[in-house]
Amino acid sequence: MIEVKNICKSYNVIQKGEGFRGALKGLISRESEKVQAVKNLSFHIQPGEIVGFIGPNGAGKSTTIKMMSGILTPSSGEILINGRDIHKYRKQVVQDIGVVFGQRSQLDWDLRLGESFELLRHIYRIDKAKYEETLNIMDQILEIKPLLSKPVRQMSLGQRVKGDLVAAMLHAPSVLFLDEPTIGLDVGAKYSLRKFVKEVNEERNTTVILTTHDLGDIEQLCDRIIIINNGELIEDGNLEEIVDRIAPYKTLVVEYYDEKAPEHARCELFFHEANVAKYRFMKKDITAAALIQALSAEAQIKDVSIEEAGIDDIIRIAYGQLKE
Amino acid sequence: MKIYSYVCKMQILRSMTYKFNVYGNIIMQTIIMLTTSFFWKALYQNAETVQGVEIGSMLTYTVISSCISVILTTNVEQRITRSVEKGTIAVDLMRPVNIFAVFFAEDLGNVVALLFQNLLPIIFIGCIFIQVPLLASGASVLMFLISLCLAFFINWLLAAIFGMWAFTAINMHALLQVKRHLIRLLSGSMIPLWFFPEWLRIVLEAFPFVYLYQLPLSIYIGKCDGMSLIRGITIQLVWLAVLSFIFYILQKRAARKVMIQGG
Amino acid sequence: MKGIAGTIFHYIDVTFVNIRMALLRVVEYPSNIIGWLLSNPVQFLVGFATIQFAVSEFGDINGWNYGQLAFLYGLAVLSHALSMIFFVQGWFMGNYVIHGEFDRYLTRPMSVLYQFFFTNINIIGVTDLIPGLCVFLYGCHKVGFHWSIGNVFMIFVLLTGATLIRGGIYIILGTTTFWTRSNNDFAQYTQEIFDKTTMYPLSMYPEGVQFVLTYLIPIGWVTFYPVSNMLGLSNDYLQTSAAVWLTLLIGILVMVLAALFFRLGLRNYESAGN
């Protein structure tokens, strides 16, 4: 159970002048500006949820996840993990969380992967039998054992991310934070990462919180998404619900035998090129079957397909709303 | 040439950006200068002059030595080391610009920034707390400056040649320390050579280090004039030529080595 | 295991793992040791040559003869070496701050300061101990140091205190980077200042400097006061008969202050890439 209550975070950003004069001036006085990276965020996360944070670069999602995992101190507000404030009881609370930051590894670059695990085993006071057991489970999901004796510096990015995932799970935390975990990974590595997240979530009921730019991650993993822009929460909810609410339409793509495309009162023909036409219609106005039937009465149809509004439409609309 | 002057100018700007570093360096260098002067004062408690040099000259020596150490700041060794460690050296060497010329332009820019940021405050503080470093005679200003310029080039070449060690597998950070300590002792920057035993002095004069600090400093306090001055500057010029030649050869070799390995 | 004993046992246990990893790292890059084995003796031979020169040209320095100076110098190098092993990372804290390296320490259930210093424990600093030990033993011989258990114990107390004072000051200097967010490298200057103030008698500096180094920045306690005590040398500025124990006390005090200051700084930690 994670409770985030009214957290804010502001940074001081130093303004640098231009050219020689700016540099000289900077020696004497420096102007700094307060930037609000996160503004008054509040939400709850239940045990066993997989929650995805999405938003454009600089939206504040990394800042949020770093505050939730105890790395950054909020300027105001509080974050409770399993009922305890992570910043007041850091050492106790982090015993129950695991963190993987895609950009930075917590593994020792110079040494074999097993050495890093051994250090973690001692830091988290995991007994040998439990450690072996966890490692066996992880080996089934990620095939980690062959990598144990390989120096981390010789690993591929995909292998290193595997190492980091296992490292974060060794102490069996109930909450797992993933910051941009799939960044730079190839298809195979992405697949095993997603499989890993699903399995730890199902088998151990681990709560997973991740930030991502990858829509595949969201579609395949998250039951719930939180959209952040400019440090503010824009949407919070089930993927389908959000889709229904802010993009409650479907797109019907029809291929005709000739170039003439009929129109229909209850939908919008927004694309027509050669013998392909695309219709956008509201689910409440008309069903796809009725529409196809109506259209086929006026022209001969060769092929049809239906496109749901995707996650990228959602994001586009959500950001677009904010601009207006 | 235009690109190098641009690099130089950018470095001046970059050096000025970090306010805290600038102040930190001034404070630290001041402390070092002051402690050295106290060291000499403590030693001179029992004696008026030692080896024909009195305390006043030693204090001037200390202040000017601090100033020279500002001018003899180089970064080229670290730059080469970093480039080799990160593995970007192959790309760097194959660029259309000469990477060593870029490093030189950066070091030059850095020193120009330091002239204002560090040298002026240090002279100022030296004048107030230690003593005004009066020049022995007006005529020696020019010779001092010439000698100092030569020292700058010699120092840079030494640093660059030394930086080539980075191409071998040896840990550079340790070697850079060795170089720093050796130069400090062997160049007369802290303890002038005339305090050294005769035999050691003769040995040291065969190395380039004494022409970095000892020579310009001796000119400044008037302990080196006439024939010995001409001799000193001539030796500086010879070292400059010799080191340039060595540097040229090493640079060619490094480029070839990297081409074979990294190409 | 629970309670304080359990915590201490936990930290000792992790320390052993850290040392093991540090040794493995040394084995991984053997050329590093060669470099430092070459570098560190040179550095302190240069320093020792300076003292030898000073005494031979000028006679005693403020009433300290050659042997006593060697004893002082030896202890200064030994405490320096110990601080290099445990606390040298303090010099480079700026680098760690800028690159967000504290992220991982903050997400682990141990003291951040402990993790910072001990996951980066500098085993190679042992190479500093060798020249230190040589000069110290030479000084012991010159001053006729009596190797009784009591005296050896006092040396141990002195070195512990001295190392803590040095370490605390490194931490305080390094912590400033949480505010400045610049990659300050104090290494060279810190070392020169410590060298100049711990390897020579403090009494050669003017009273104002002695005041600062006694009460404000307690570098005088690293070697000067305790060694004066042990060798029975008096100084005009400050008389105390328990200087060795005071060194330990001040060391603990400085370390506690440094840890509090660090904690304050850590609140300003901004990770990387923001």
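Reply: Arg104(A) and Asp103(C) are joined by a salt bridge in this predicted model, with 2.8 Å between the closest N and O atoms. That pair belongs to the interface of chain C and chain A, for which the count is 4 salt bridges, and the count of residue pairs in polar contact, both at pLDDT 80 or more, is 16. On the side of chain C that touches chain A, helix 1 (3-28) and helix 5 (102-106) of chain C each supply at least two residues, and helix 1 of chain C gives the most, with 12 residues.

In terms of extent, 34 residues of chain C are in contact with 32 residues of chain A. The size of an interface is often expressed as the accessible area lost when the parts come together. Between chain C and chain A the buried area is about 3,000 Å², and carbon and sulfur atoms give 53% of it. Within chain C, the residues that lose the most area to chain A are Thr107(C), Arg108(C) and Pro109(C), which together account for 21% of what that side buries.

The contact of chain B with chain C can be described in the same terms, with 36 residues from chain B and 33 residues from chain C taking part. Here about 3,300 Å² is buried between the two chains, 72% of it on carbon and sulfur atoms. The rule finds 2 salt bridges across this interface, and one salt bridge there brings together the side chains of Arg184(B) and Glu192(C), at 2.9 Å from N to O. Residue pairs in polar contact, both at pLDDT 80 or more, number 2 across the interface of chain B and chain C. The elements giving two or more residues to the side of chain B that touches chain C are helix 2 (19-43) and helix 8 (172-186) of chain B, and the largest share, 14 residues, comes from helix 2 of chain B. The residues of this side of chain B divide into 22 nonpolar, 12 polar and 2 charged.

Note on methods: Residues are numbered from 1 along each chain as its sequence is written. Chains are lettered from A and ligands numbered from 1 in the order in which they are written. This is a predicted model: local features need pLDDT of at least 70, side-chain atom pairs count only at pLDDT 80 or more; totals for chains, interfaces and linings use all residues. Side-chain values use heavy atoms; hydrogens and water are left out. Contact means heavy atoms within 4.5 Å. Buried area is the accessible area (1.4 Å probe) that two parts lose on being put together, summed over both. A polar contact is a pair of N or O atoms within 3.5 Å; within protein, one must be able to donate a hydrogen and the other to accept it, and residues adjacent in sequence count only if both atoms are side-chain atoms. Helices (H or I, at least four residues) and strands (E, at least two) are DSSP runs, numbered from the N terminus. Ala, Val, Leu, Ile, Met, Phe, Trp, Tyr, Cys and Pro count as nonpolar, Asp, Glu, Lys and Arg as charged, and the others, Gly among them, as polar.
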